[in-house]
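Student: I would like to learn how to read side-chain features from a model. Could we go through some of them one at a time?

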Amino acid sequence: KVLSARSAKPGLGDERLGSAGATEHWGKQVRALRGIWTKIDAREVVDTPSGNGDDPRRASVGVQRSENLRRGPLLGVANLKTSEECWHAAADGQPLLTHERYRQVGRLVNSVLRAEPRPHYLLLPELALPRKWVSSVSNRLLQSGISLVSGVEYDTRQPGTVRNDAVLALTDDRLGFGSSVLIFQSKSAPAPGEEETLLRLHSRGWWPPRKPWCLVYRHRGFEFGVLICSEL
């Protein structure tokens, strides 16, 4: 399930992420496409800190509170180098997808999986992962119960523009069994040097337009927000 946090109504169709309606719709799609029966309790799904499931600034993912998360989530904060060469290649729309770079990412993921204790979340820097590798990296972590929050390389599919996203790959149990959800949140505004360099060297402007707020996520009882670099 892939969602977007770029508008005031993130979710499936026109329904907001975390609402009972969106989750029930998701459950019906799973039932129709895969024949898997889902068990959804609408009273549990609409669960935001304000008590208002329609608050567009909040997104709820997951129902059951993990005992470990109740004691405090374990965050794996990792560094992953993005070279100048990788940066410019992504800005040109030609990301470097070399074997050595993939091995670097693989070594990091394997070290996280071997960690004791194992973290609940792996956090990676801005622009850390090529977009084509998001699924393989996040799936490997999610299979072991680890959620991923990472910067993703520029999206250049819109001519003459770039979009800078963070991806949240979060464990999810709203259908009554283990699942996951991918959420892409756009950086609201570029850093001054970033904007100037993208325009001067790559003839690309910023997309989407600047927005005044970011979402607060409630993931299985843990509440957090995501700020990308200069947003802080």
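Tutor: What follows covers aromatic pairs, a helix face and salt bridges in this predicted model.

Student: How many aromatic pairs does a search of the whole structure find?

Tutor: Ring geometry decides: planes over 60 degrees apart count as edge-to-face. The search finds 6 aromatic pairs. One of them joins Tyr-121 and Phe-224, edge-to-face, with 6.0 Å centre to centre and 70 degrees between the planes. Tyr-121 is in strand 4 and Phe-224 in strand 10, 103 residues apart, so the pair links distant parts of the chain. Tyr-121, Tyr-217, Phe-222 and Phe-224 make up one aromatic cluster.

Student: Are Tyr-121 and Phe-224 buried or exposed?

Tutor: Buried means under 20% relative accessible area. Tyr-121 has 2%, so it counts as buried, and Phe-224 is buried at 13%.

Student: Which residues of helix 6 are buried?

Tutor: They are Val-134, Val-137, Ser-138, Leu-141 and Leu-142. These residues lie on the same side of helix 6 because they cover an arc of only 125 degrees around the axis. They pack against helix 5 and strands 4, 5, 6 and 7.

Student: What does Lys-187 meet in a salt bridge?

Tutor: The side chain of Lys-187 meets that of Glu-126, at 2.9 Å from N to O. Both sit in loops, and the pair therefore ties together parts that are 61 residues apart in sequence. Lys-187 is buried, at 1%, whereas Glu-126 is partly exposed, at 25%. Lys-187 also forms a salt bridge with Glu-194, with the closest N and O atoms 2.8 Å apart; both of these residues are buried.

Terms used
Residues numbered from 1 in each chain as written. Predicted model: local features only at pLDDT ≥ 70, side-chain atom pairs only at ≥ 80, totals over all residues. Heavy atoms only, no water. Phe/Tyr/Trp six-rings, centres within 6.5 Å; stacked < 30°, edge-to-face > 60°. Helix = DSSP H or I, 4+ residues; strand = E, 2+ residues; numbered from the N terminus. Buried < 20%, exposed > 50% of the residue type's maximum accessible area, 1.4 Å probe, protein only. Arc of directions from axis to C-beta. Contact = heavy atoms within 4.5 Å. Salt bridge = Lys/Arg side-chain N within 4 Å of Asp/Glu carboxyl O.
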